[in-house]
Amino acid sequence: MDKKTSKQIPIGGIIDKPKTSLLNKTGDWKKMRPVIDESKCIHCAKCVLSCPENCIAIKKDGKRGDVNLDFCKGCGICAKECPVGAITMVEDK
Amino acid sequence: MAKNNKNILPLTGSQAVAEAMRQINPGVVAMYPITPQTPIVETFAKYHSDGLVDTEIIRVESEHSAMSAVLGASASGVRSMTATSSNGLELMHEVVAATPGMRLPVVMPVVNRAVSSPINIHCDHSDSMACRDLGWIQIFSETAQEAYENTLLALRLSEKCLFPSMVMQDGFITSHSVENVEIFSDSKIRKFIGKYTPKNPLLNLDKPLTYGPLELTDYYFETKFQEAEGFECIIDEYTKIGKELSEVTGNNYPLFEGYKIKDAEAILIVLSSSAGTAKEVVEKYRKEGKKVGILKPKLFRPFPYKEIYKAISHAKVIGVMDRSMSRGAFPPLASDIKIAINTHKEGKKIPDVASYVFGLGGRDLFKKDIESIFDSLLNNKYNITKIDYIGVRK
């Protein structure tokens with residue numbers, strides 16, 4: 001990607017539009033990713049609440065949704081917090 | 001008190017700066033007391049209690065918080081000020097560096113005081129010199145009158161060029177001594193100051209912004225290069241805005257003051273109040289037929305290298321008096337003068353530059369000290385490779 005010059009960026013390091021953090025796919029950093037065993041999941045949403053990147057969705061019916069791997073850094077907090085052991089961290093290849 | 005319809009008041013340097021702040025009427029002033037700056041915010045707080053300003057005052061728990069509050073307020077889109085001295089400036093250093101990084105036009109009066117340790121409340125310039133490379137405009141003031149007017153000039157200059165300003169005056173010598181100070185009419189000064197239109201207000205919900213994000217190897221250098229380029233216009237803008245202020249005050253705002261330097265063989269360069277003492281010595285020596293003069297830099301950052309070189313290049317020898325040290329190196333002002341001369345000489349013969357350090361921790365500077373410097377300059381009794389310390393028991 002071509003980088004902008006000093007004259008093409010706002011002064012003072014200001015970011016002049018919102019939501020630009022979404023352009024930075026921090027999921028690239030992960031070594032491990034969570035795999036959820038749907039048969040064990042009780043939809044308590046502890047993983048949703050404990051995810052520091054807020055990348056586990058919750059659906060309108062209150063049930064747990066998918067993990068957005070674009071932003072999951074593979075920290076494993078969800079697997080640690082899951083009360084029924086439904087989440088396993090596996091190597092992300 | 002009224003003389004020729006002029007509003008002349010007996011004010012200390014601190015009170016004079018508080019008058020400037022009253023006329024500026026900033027949106028936010030964060031305050032934390034530190035000697036010898038305290039009377040500035042104290043006087044301003046009185047104005048606030050008397051209803052003369054509608055500033056929001058934030059009483060903070062430290063200078064680090066004062067500067068942080070002012071940075072945030074300035075980013076939000078209002079005029080923001082604080083004032084400090086010495087260790088207070090050191091404590092806020094982290095945020096002092098962040099403020100120009102965000103291009104915020106904060107104006108901060110600094111009352112120069114020695115830095116610990118040992119603890120010393122008296123004047124030297126170590127505090128603001130430690131901030132000279134951070135991206136602040138720095139203006140030094142000789143008198144209470146200058147401190148007042150420089151504060152007004154600095155505000156416009158900061159808002160034009162989007163860099164913060166420090167306006168210096170000497171601790172106690174200027175900040176606590178009463179002088180006749182002409183305060184110009186509120187209406188004229190407020191017309192000069194004008195209405196503030198912030199460039200990138202954080203509170204504009206129609207255009208959401210992020211201040212102070214992460215920039216790593218990819219963009220940090222570009223942002224710093226913007227600052228380097230942004231600083232280039234300051235000298236011209238200082239002169240332009242100075243001319244505008246001149247129309248209100250009748251005073252001039254040169255980059256530096258030259259006192260009998262045009263035909264001088266020996267020129268002493270010194271900042272702030274000491275220049276006043278030095279001018280008296282020049283008077284005496286001129287009567288004796290000795291060609292000496294004084295140059296007092298006012299705008300110190302950015303440093304007007306070329307302009308100062310042109311003003312001093314004809315002299316045989318230059319003495320530079322610094323009220324601060326740079327351990328293991330020539331002190332700040334002497335370094336800048338040496339650079340000015342060597343950068344702009346264009347193959348011409350250049351004057352010698354002798355470096356003197358004086359007045360640390362408020363050590364008095366006497367006329368006899370300045371006479372001895374002039375004598376050594378005029379009689380070839382100086383060593384340009386060494387720093388001479390004036391008034392110390394060696």
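Me: Start with chain A. What radius of gyration does it have, against a compact globule of 93 residues?

Reply: This is a predicted model. Chain A has a radius of gyration of 17 Å, whereas a compact globule of 93 residues would be near 12 Å. Its C-alpha atoms fill a box of roughly 55 × 30 × 15 Å along the principal axes.

Me: How much of chain A counts as buried?

Reply: 15% of its 93 residues.

Me: And which elements does chain A have, in what order?

Reply: Two helices and four strands. From the N terminus on, they run β-α-β-β-α-β. Among contacts between residues at least 6 apart in sequence, 62% join residues at least 24 apart.

Me: Is Lys19(A) buried or exposed?

Reply: Exposed, because Lys19(A) has 8 C-beta neighbours inside 10 Å and the cut-off for exposed is 12 or fewer.

Me: Switch to the contact. How many residues does each chain give?

Reply: Chain B gives 18 and chain A gives eleven. On the chain B side, helix 9 (residues 220-231) supplies the largest share, four residues. By class, that side has eight nonpolar, six polar and four charged residues.

Me: Which of its residues are buried?

Reply: Ser274(B), Ala275(B), Ala278(B), Val281(B), Val282(B) and Tyr285(B). They cover an arc of only 115 degrees around the axis, so they lie on the same side of helix 11. On the other side, Glu280(B), Glu283(B) and Lys287(B) are exposed.

Me: What do the buried ones pack against?

Reply: Strand 9 (256-259), strand 10 (266-270), strand 11 (292-297), strand 13 (317-322) and helix 14 (367-378), in chain B. After helix 11 comes Gly289(B), with a positive phi near 85 degrees.

Me: Where are cis peptide bonds in chain B?

Reply: One joins Ser116(B) and Ser117(B), with omega about 0 degrees. Another joins Ser117(B) and Pro118(B), also with omega about 0 degrees. Ser117(B) is in the loop between strand 5 (107-112) and helix 6 (126-129) of chain B, and Pro118(B) is in the loop between strand 5 and helix 6 too. Most peptide bonds are trans.

Key
Residues are numbered from 1 along each chain as its sequence is written. Chains are lettered from A and ligands numbered from 1 in the order in which they are written. This is a predicted model: local features need pLDDT of at least 70, side-chain atom pairs count only at pLDDT 80 or more; totals for chains, interfaces and linings use all residues. Two residues are in contact if their C-beta atoms, placed from the backbone, lie within 7 Å. Ala, Val, Leu, Ile, Met, Phe, Trp, Tyr, Cys and Pro count as nonpolar, Asp, Glu, Lys and Arg as charged, and the others, Gly among them, as polar. A residue is buried if 20 or more other C-beta atoms lie within 10 Å of its own, exposed if 12 or fewer, and partly exposed in between; C-beta atoms are placed from the backbone. The arc is that of the directions from the helix axis to the C-beta atoms. The radius of gyration is taken over C-alpha atoms; the globule rule is 2.2 Å times the number of residues to the power 0.38.
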